[in-house]
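Me: I am new to this structure and would like to learn how to read its features one at a time. Could you take me through them slowly, with the general idea before each case?

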Amino acid sequence: MAKGQHLPLLKKSPNPEDLPCELVAGESCIHEELLSLKFRISPHSFFQVNTAAAEVLYSTVGDWAQLDQDSTVLDVCCGTGTIGISLAKRVKKVIGIELCQEAVEDAKVNAKLNGLSNVEFHCGRAEDVFPDILNALVSPNLTAVVDPPRAGLHPKVVLAIRRAEHLKRLVYVACNAKAAMTNFIRSVQSSIQPGPRSPFPSSQSHGRGSVPPDHACGNAASVRESGLQIPRADMTRFNYKIHYGSCVSV
């Protein structure tokens, strides 16, 4: 390279959701069944490809959420609505939040495919939409299920969770244990000043592989409101253990 010349700036890879899709042959969407439910999936929508493992994972989420007919579920980063729709028949209402517009349209179609009328979906960034929806809800039995991408939850979402005194339980589905750990720490630390409520201590974790072990592993962690079942605690008092294919209480 001649003196005075500069290397060209590397262009950032385009967001896959911004790339156009062209239908060459066949149907524009694919259809899957999960937990005896039907789902439409568009090209840009997220859906767990290992349905057998996803069924075990989502069943664990349903068990840990401890839901009843008076429950309201916030399904954050809901994709095509799989988790919320799988829980809808046992609760009063499900509210899904998802960034991808295509996935939101799929989720709405999937609710109709499964004959559900107590489910609604909102499109937007979780950090922008979740706090407003959370603050507007007055349900006495409110549970949040979060299934964020590999980067984890945005700090604004964690802060909104910490400030929500009426949120009774949080179930976290993680595809990246390191990012999840950062969110866990901020959820249980008593040293930060998030608002009037106590921190969320962890109650249990479950590792379940949804893709090969050398890639992401789908894990679920359940945390309960301080004062309901376990006392206020600082992060230093907990030993987080997430094992591939095992279930550990902490």
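Me: Which residues of helix 4 are buried?

Reply: An α-helix has 3.6 residues a turn, so residues three or four places apart point the same way. In this predicted model, helix 4 spans residues 126-136, and its buried residues are Ala126, Glu127, Val129, Phe130, Pro131, Ile133 and Leu134.

Me: What covers the buried residues of helix 4?

Reply: The cover includes strand 3 (72-76), strand 4 (93-98), strand 5 (119-123) and strand 6 (142-146), together with helix 5 (155-163).

Me: How many aromatic pairs does the structure hold, and how should I read their geometry?

Reply: Ring planes under 30 degrees apart count as stacked, over 60 as edge-to-face, and the rest as tilted. The structure holds 2 aromatic pairs. Phe39 and Phe47 lie 5.9 Å centre to centre with 55° between the planes, a tilted pair, and both Phe39 and Phe47 are buried. The ring centres of Tyr172 and Phe184 are 5.0 Å apart with the planes at 75°, so this pair is edge-to-face. Because Tyr172 belongs to strand 7 (residues 167-174) and Phe184 to helix 6 (residues 177-188), the pair ties together parts that are 12 residues apart in sequence.

Me: Are Tyr172 and Phe184 buried or exposed?

Reply: Buried means under 20% relative accessible area, so Tyr172, at 4% relative accessibility, counts as buried, and Phe184, with a relative accessible area of 6%, is buried too.

Me: Which residues line the largest cavity?

Reply: A search of the whole structure finds 2 cavities of 30 Å³ or more, and the largest cavity holds about 50 Å³ of space. Its lining includes Phe46, Phe47, Tyr58 and Asp147, and by class the lining has 6 nonpolar, 4 polar and 1 charged residues.

Methods:
Residues are numbered from 1 along each chain as its sequence is written. This is a predicted model: local features need pLDDT of at least 70, side-chain atom pairs count only at pLDDT 80 or more; totals for chains, interfaces and linings use all residues. Side-chain values use heavy atoms; hydrogens and water are left out. Rings of Phe, Tyr and Trp (its six-membered ring) pair if their centres lie within 6.5 Å; planes under 30 degrees apart count as stacked, over 60 as edge-to-face and the rest as tilted. Buried means under 20% relative accessible area, exposed over 50%, partly exposed in between (1.4 Å probe, protein chains only). Helices (H or I, at least four residues) and strands (E, at least two) are DSSP runs, numbered from the N terminus. Contact means heavy atoms within 4.5 Å. On a 1 Å grid over the protein atoms alone, a cavity is a set of points where a 1.4 Å probe fits but cannot get out, and a pocket is an open set with protein on both sides within 12 Å along at least five of seven lines; lining residues have an atom within 4 Å of a point. Grid points are joined across faces, edges and corners, and a volume is the space filled by probe spheres set on the points. Ala, Val, Leu, Ile, Met, Phe, Trp, Tyr, Cys and Pro count as nonpolar, Asp, Glu, Lys and Arg as charged, and the others, Gly among them, as polar.
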